[in-house]
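Welcome, and please get your viewer ready. We will go from stop to stop, selecting residues as we go.

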Amino acid sequence: MKSRSIAYILVILGISQALLADGQSSWDPWCNYPGGSCTANDISVTRVYLAQNSPSSVTLMGTFSLNLATDRYCPYSVVDIYRGDGVTPIKLKHVTWLTTLSGGTSPQEIPLATITRPPDEPIVLKNIYVQWSASKSTCGDNCNNYQSSKCYKDPGPLVVPASLIANFSGFNVCLGGSIQFTDLTTGGYKPYASSVWTFGDATTYSCSSASPCNPPPKTYASPGRYTVTLRVTDNKGVVSTKSQSYYVWAPPVADFSYAQGCGFEVQFSDLSTATPTADVMPTITAQSWDFDGGGAIDSSMQSPEYTFPAPGTYPVRLTVTDSHGCTGFIVKDVTVNPAVQATAGSNSPVCEGSTINLYGGPDGLISYSWTGPEGFASSLQNTTIYPATLANAGTYTLKVVDEEGCETEAKTTVLVQRRPAVSAGADLYICETEEQILIAGSNSGGPATYLWTTSGTGHFEPDGGLSTRYHPSDGDREAGRVNITLTAVGIGPCGTFSTSDDMTLSILKVPEASINVAF
């Protein structure tokens, strides 16, 4: 039997090619024996219809009304079913309806044919012909006792739908999300009597006379593997059930640790773990880091290093995604401590010949390393240079290493000041008649304050500075010579150091003129 355009033809016994408009034949070519106590008008067909007996078969039913008077007793009714084109009928079934018939018995149903069909294809039955007759006795294979016959032609096609197949779609979801289940049921006789959903968590949803029956989005309270079942009953009582399993994935657990390195650098380590659901174990596939609470993704590395702009506490957020597409996140306050920073200092400026003191910090580090002019090097936190020379002046660098192995450095500049080195100048000569003389001293050393003194009783104008004018006194003129001293006292780091230099001022007498006259 073909699964697509299948035609079952039930042909009136003895029907010719020509049918009357009302579906009745004018004569019976096989049993043409009119007369008897029963007539064709005593039996009529109320309807012909299809009854679904199972998902793979249907039964063609005929409902017959019997209108027999008591004096026209017909104990048998015979229905024959034929298939064919109405010209050459092929007998399918012979049904003997054995019952006691009396006037007013109406209606009664008898099965006419059982049709086996493929479960996934609809069937259309066309040109349905039913023939029946009443008789006084069993007729067997001859028609001697058949009375007049009557035929019924079904006015339109009868459609047997495809088998009822419950079906639906859904999808896996992460915990907190909703699953939209979609009813995809096909076939069967509509409208369906009922559609009942069970979701595997003791909750249900149902529809009556509705197709499709789509439940509202389903949100599960816990992760797990849930078996969802849809049971559909059509209006012939046929039932089809579909069950499918769906996962509500448990989200991953986000976590991280961190360690501050050199400066404000912080090394982060992802400690997140994927969470198994039922029999499935996912993996972590992606990380997103927000280091400053700004909402932007600052890094997508698994364990990144990040340099913060300054010490402080920062809300660091890690979001991880697993192979199911589920996410988990954690926010931790990360404290960034001030970085260990080397410090360097000295007692600069210093006077040459004194001690240079170098100071390093902070205390308690793993190592200290000084370098400076003239190949200077020291591994002491605090160190000295003695005696200081002008060559020791310059920049000194201190490198320190802390417990984390971080190295930082600091610099300090040392100034070395020369001692004063003064000269009062060369010895001078003046005539006793001169009122003053300019004396120019000099200093080839460091800065100083200056003081002029004399062994005589004259005075200086001014009495400080490198240059001065000396005004000799009469006593100086009388003595004819005085010692003049320039004393320099160091300024700054050389302030306790002084030096002097002398020069001699000779005051020459003017010779007296004499005239010898000879008389």
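Which residues have the most contacts inside the largest nonpolar core? Keep in mind that this is a predicted model, then select Phe168, Phe181, Trp197, Phe199, Tyr220, Val228 and Val232, which hold that place in a core of 19 residues. Next, colour strands β17 (224–233) and β18 (239–249): each supplies at least two residues of this core. With four residues, β17 gives the most.

Now centre on phenylalanine 199. Leaving aside residues up to four places away in sequence, phenylalanine 199 touches Phe181, Thr204, Tyr205, Pro215, Lys218, Tyr220, Tyr226, Thr227 and Val228. Apart from this core lies another, of 17 residues; to find it, select Ile430, Ile439, Ile484 and Leu486, which are among them.

Rings are our next topic, and the structure holds 23 aromatic pairs. Show Phe168 with Phe181: the ring centres are 6.2 Å apart and the planes stand at 75°, so this pair is edge-to-face. The pair links distant parts of the chain, 13 residues apart, with phenylalanine 168 in strand β10 (residues 168–169) and phenylalanine 181 in the loop between β12 (178–179) and β13 (182–183). Are these two buried or exposed? Phenylalanine 168 counts as buried because its relative accessibility is 3%, and phenylalanine 181, at 0%, is buried as well.

For a cluster linked by ring pairs, select Phe256, Tyr258, Phe268, Trp289, Phe291, Tyr306, Phe308 and Tyr314.

Finish at tyrosine 189, where the charged end of lysine 236 sits over the ring, 5.2 Å from its centre.

How values were computed: Residues are numbered from 1 along each chain as its sequence is written. This is a predicted model: local features need pLDDT of at least 70, side-chain atom pairs count only at pLDDT 80 or more; totals for chains, interfaces and linings use all residues. Side-chain values use heavy atoms; hydrogens and water are left out. A nonpolar core is a set of buried Ala, Val, Leu, Ile, Met, Phe, Trp, Tyr and Cys residues joined through side-chain atoms within 4.5 Å. Buried means under 20% relative accessible area, exposed over 50%, partly exposed in between (1.4 Å probe, protein chains only). Contact means heavy atoms within 4.5 Å. Rings of Phe, Tyr and Trp (its six-membered ring) pair if their centres lie within 6.5 Å; planes under 30 degrees apart count as stacked, over 60 as edge-to-face and the rest as tilted. A charge sits over a ring if NZ of Lys or CZ of Arg is within 6 Å of the ring centre and within 35 degrees of the ring normal.
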